Amino acid sequence: MENKENKTTKLSDDHEPEAINYRGVKAISFIIGNETFEKIGTMGTISNLLVYLTSVFNMKSITAATLINIFQGTSNMAPLLGAFLSDTYFGRYKTLAFASISSFLGMAVLTLTAAISKLHPPKCSTSDISTCVGPTAWELAFLFSSFGFLVIGAGGIRPCNLAFGADQFNPATESGQKGIRSFFNWYYFTFTFAVMVSVTLIVYIQSNVNWAVGLGIPAGLMLFSCILFFMGSRLYVKVKPEGSPLTSVAQVLVAATKKRKLTLPDEPSFSLFNYMPDNWINSKLTHTDQFRFLDKSAIMIPEDQINSDGSAVNPWKLCSIQQVEEVKCLVRVMPIWVSSIIFLTAIVQQDTYVVFQALQSDRRLGHGGFKVPAASYTIFAMLSLTLCIPIYDRVMVPSLRKLTGKQGGITLLQRIGIGILLSLILMLVSGLVEGHRRNLALTRPTLGITSKGGAISSMSALWLAPQLFLTGICQCFNCIGQIEFYYKQFPENMRSIAGSFFFLGLAGSSYLNGFLVSLVHHITARTKAGDWLPEDLNKGKLDYYYYFIAALGFINFVYFLVCAKWYRYKADDETIELSDTGKKQTEKLIV
């Protein structure tokens with residue numbers, strides 16, 4: 001990463017003589033610091049929420065898992081709204097500021113649910129959770145209010161933090177372009193480091209010391225994260241919102257619908273309305289033959305009027321080829337995005353039922369009686385991801401680049417597809433490990449009874465490590481590939497929305513997983529073989545559920561291959577040449 005990016009760029013517009021002072025690394029140090037402490041404060045707590053809801057709020061496993069799926073789904077859906085508000089009204093700086101404060105309030109309220117006895121049910125003194133006192137409506141309302149604040153925080157932070165960090169570099173210079181690429185690598189490295197600390201130290205305190213203290217520390221870290229973010233305020237490049245880019249999308253759809261009965265010309269590239277504003281920040285796109293219905297919005301008829309600057313008088317009746325091609329970029333991405341939902345459904349299993357598997361496995365380390373908290377085993381996924389990123393970036397990409405001649409070694413869709421294929425292996429391994437765990441619990445002496453009444457298998461919980469390592473490798477290929485894919489394939493003025501698309505896929509996978517869990521639970525409970533997903537995993541067939549997800553994954557992989565073969569990249573080299581658009585981007589208004 002470049003050491004300093006403080007070069008100023010003179011604006012070419014006579015009406016905007018202001019210069020932009022890009023601080024590069026100096027500015028993003030505060031941004032990455034804010035992100036690191038925010039993730040240390042929240043990620044471990046979120047990964048341990050299943051244990052908190054079942055042990056402190058006396059919820060059943062199915063109820064807690066469904067609630068977590070809804071919470072995570074909503075948290076990942078919110079970034080789409082956050083991106084819209086950021087791009088249209090507030091800008092990324094104000095959105096991040098508000099969202100960081102909201103996340104702190106969410107953690108603070110969640111801490112109060114543990115610290116104040118009247119805000120959670122009395123401790124359950126029996127292993128039969130069905131006889132325990134459940135939470136009251138007031139206690140649930142207070143708990144859900146903390147979730148609400150956390151959802152608002154996620155809605156603002158997730159779509160804006162990456163784009164806001166990239167804003168701190170000058171895209172018109174080579175050093176700025178390198179700084180942006182390096183920023184992405186460092187962002188994910190610090191992200192995984194923060195999560196590793198969170199799911200070990202924070203989760204240990206919560207599970208073995210005290211829930212009030214264990215939740216209070218993350219709340220304090222979140223407060224420090226807010227302070228750190230505001231400390232860098234004078235250094236940040238703050239891009240003003242330019243209005244929602246979705247308006248242009250709506251205009252193309254409306255105009256194409258109005259002109260649906262018209263016939264397209266033989267040479268649309270030369271015959272359709274072709275206008276591009278001088279200050280347009282998006283790279284110029286060439287006409288494509290896909291989704292030709294949308295081209296009808298650019299057909300000029302006698303009723304269409306043109307302004308003196310060449311723009312359409314009524315953009316809801318006449319759109320430019322540039323607008324049409326930008327909408328096509330979004331439409332082309334959608335089938336690829338759909339494939340991410342099934343892939344991520346396999347990944348979210350490692351955040352839910354793996355915790356329950358660990359609770360009914362031997363978590364002892366050494367001879368001192370130390371037990372690893374169940375939620376801390378997810379560190380293997382983070383460790384795998386942390387190791388995989390530099391190996392992929394420093395070893396695999398240069399080697400593959402020599403073979404393929406491609407800048408990234410392989411295409412982004414190839415990288416995403418490898419992740420989907422690995423997810424099939426992940427679910428097969430998960431099923432085999434669970435079958436082994438349950439078999440030992442039923443045929444060998446057990447190690448006691450959990451607080452919920454299930455026998456603890458003699459299988460070491462470290463057997464869960466292989467599937468969690470595979471989870472990290474899947475994320476290295478698919479998740480990071482997805483984010484880079486959306487960032488490069490979306491029009492430049494939709495970068496915040498692009499940042500929210502990955503989380504939108506996570507939302508879909510959380511909702512789908514919650515639906516599948518409930519469906520499988522209710523259907524199998526009526527069969528002679530019994531419930532696949534009971535409270536006591538030893539009485540169920542969780543491995544069958546994993547194989548079911550693997551079967552869905554195989555169908556999804558075939559679907560992805562079809563979509564990938566059909567897909568056309570936004571540019572021939574699958575990248576956006578920042579140098580071509582950098583000068584235009586520096587002409588944005590800065591606050």
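Is C474 buried or exposed? C474 is buried, with a relative accessible area of 0%. Buried stands for under 20% relative accessible area, exposed for over 50%, and partly exposed for the range in between, with a 1.4 Å probe and protein chains only.

This is a predicted model, where local features need pLDDT of at least 70, side-chain atom pairs count only at pLDDT 80 or more, and totals for chains, interfaces and linings use all residues. Residues are numbered from 1 along each chain as its sequence is written, and side-chain values use heavy atoms, with hydrogens and water left out.

**Overall build**

The chain has 16 helices and four strands. Both are DSSP runs numbered from the N terminus: helices are H or I with at least four residues, strands are E with at least two. The radius of gyration is 26 Å, close to the 25 Å of the globule rule for 591 residues, so the chain is as compact as a globular protein of that length. That radius is taken over C-alpha atoms, and the rule is 2.2 Å times the number of residues to the power 0.38. Along the principal axes, the C-alpha atoms fill a box of roughly 85 × 55 × 50 Å.

Of the 591 residues, 58% are buried. Take the contacts with a separation of 6 or more: 81% of them join residues 24 or more positions apart. A contact means heavy atoms within 4.5 Å.

The chain exposes about 25500 Å², and carbon and sulfur atoms supply 64% of that area. The areas come from the Shrake-Rupley method with a 1.4 Å probe; for residues, only the protein chains shown count as cover. The chain carries 51 positive and 40 negative charges, and their mean positions are 7 Å apart. Lys and Arg count as positive, Asp and Glu as negative; His and the chain ends are not counted. Each charge is placed at NZ of Lys, CZ of Arg, CG of Asp or CD of Glu.

**Cysteines**

How many disulfides does a search of the whole structure find? The search finds zero. A disulfide is a pair of cysteine sulfur atoms within 2.5 Å. The closest cysteine sulfur to that of C474 belongs to C479, 8.2 Å away and too far for a bond. C563 is in no disulfide either; its nearest cysteine sulfur, that of C329, is 17 Å away. C563 is buried, at 8% relative accessibility.

**Positive phi angles**

Most residues other than glycine have a negative phi. N58 is not a glycine, yet its phi is positive. N58 sits in the loop between α2 (49–55) and α3 (61–115). F291 is in the loop between α8 (268–271) and α9 (321–348).

| Residue | Phi | Relative accessibility |
|---|---|---|
| N58 | about 55 degrees | 8%, buried |

A97 lies in helix α3. It is buried, at 8% relative accessibility. Leaving out residues up to four places away in sequence, A97 touches F229 and F230.

K565 belongs to helix α15 (residues 542–566). At 76% relative accessibility, K565 is exposed. K565 and L413 are 152 residues apart in sequence, and their C-alpha atoms are 9.4 Å apart in space.
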